[in-house]
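Subject: Model handover, salt bridges

Hi,

Here is the model we discussed, a predicted one. Please load it and read the notes below alongside.

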Amino acid sequence: MEPISSDFAVKILIDDAKRIKLLIQNQHNSLCISQCKAFEEVVDTQMYGFSRQVFFAERIGILKKGEGQQMLSDLESELNRLYTELYENRQETNETSKEA
């Protein structure tokens with residue numbers, strides 16, 4: 001068995017981060033996102049798993065110290081932006097419905 005390159009391992013981590021972002025982006029029903037505890041738990045579980053992968057990658061030297069934390073911070077910021085965007089779209093839809 002050949003060793004895995006650091007570049008390949010980082011690519012896998014980046015792909016996993018993208019998968020978590022897509023999980024939220026693909027939720028067209030923003031009502032589910034805001035009120036569905038199961039969905040929140042899925043995202044929390046995915047984030048926890050990702051954080052463990054990143055921590056492991058740092059421990060074995062695939063990621064430099066702090067590089068993994070930056071990946072997590074970037075992902076959390078992106079997820080917060082997506083959540084905010086969905087909530088704002090939902091509020092706009094509710095306001096438009098009230099005006100009609």
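The structure holds 3 salt bridges. Here they are, pair by pair.

Start with aspartate 15 and lysine 11. They form a salt bridge, with the closest N and O atoms 2.8 Å apart. Both residues lie in helix α1, which covers residues 6-25. They are 4 residues apart, about one turn of the helix. Aspartate 15 is partly exposed, at 33% relative accessibility. Lysine 11 is partly exposed too, at 45%.

Next, aspartate 16 and arginine 19. This salt bridge has its closest N and O atoms 3.7 Å apart. It counts because the cut-off is 4 Å. Arginine 19 is partly exposed at 42%.

The last pair is in helix α4, residues 67-99. There, the side chains of glutamate 78 and arginine 81 meet in a salt bridge, 2.7 Å from N to O. What is their spacing along the helix? They sit 3 residues apart, and so are separated by about one helical turn. Arginine 81 is partly exposed, with a relative accessible area of 39%.

On the background: side chains of opposite charge can pair when their charged atoms come close.

Best wishes

Methods:
Residues numbered from 1 in each chain as written. Predicted model: local features only at pLDDT ≥ 70, side-chain atom pairs only at ≥ 80, totals over all residues. Heavy atoms only, no water. Helix = DSSP H or I, 4+ residues; strand = E, 2+ residues; numbered from the N terminus. Buried < 20%, exposed > 50% of the residue type's maximum accessible area, 1.4 Å probe, protein only.
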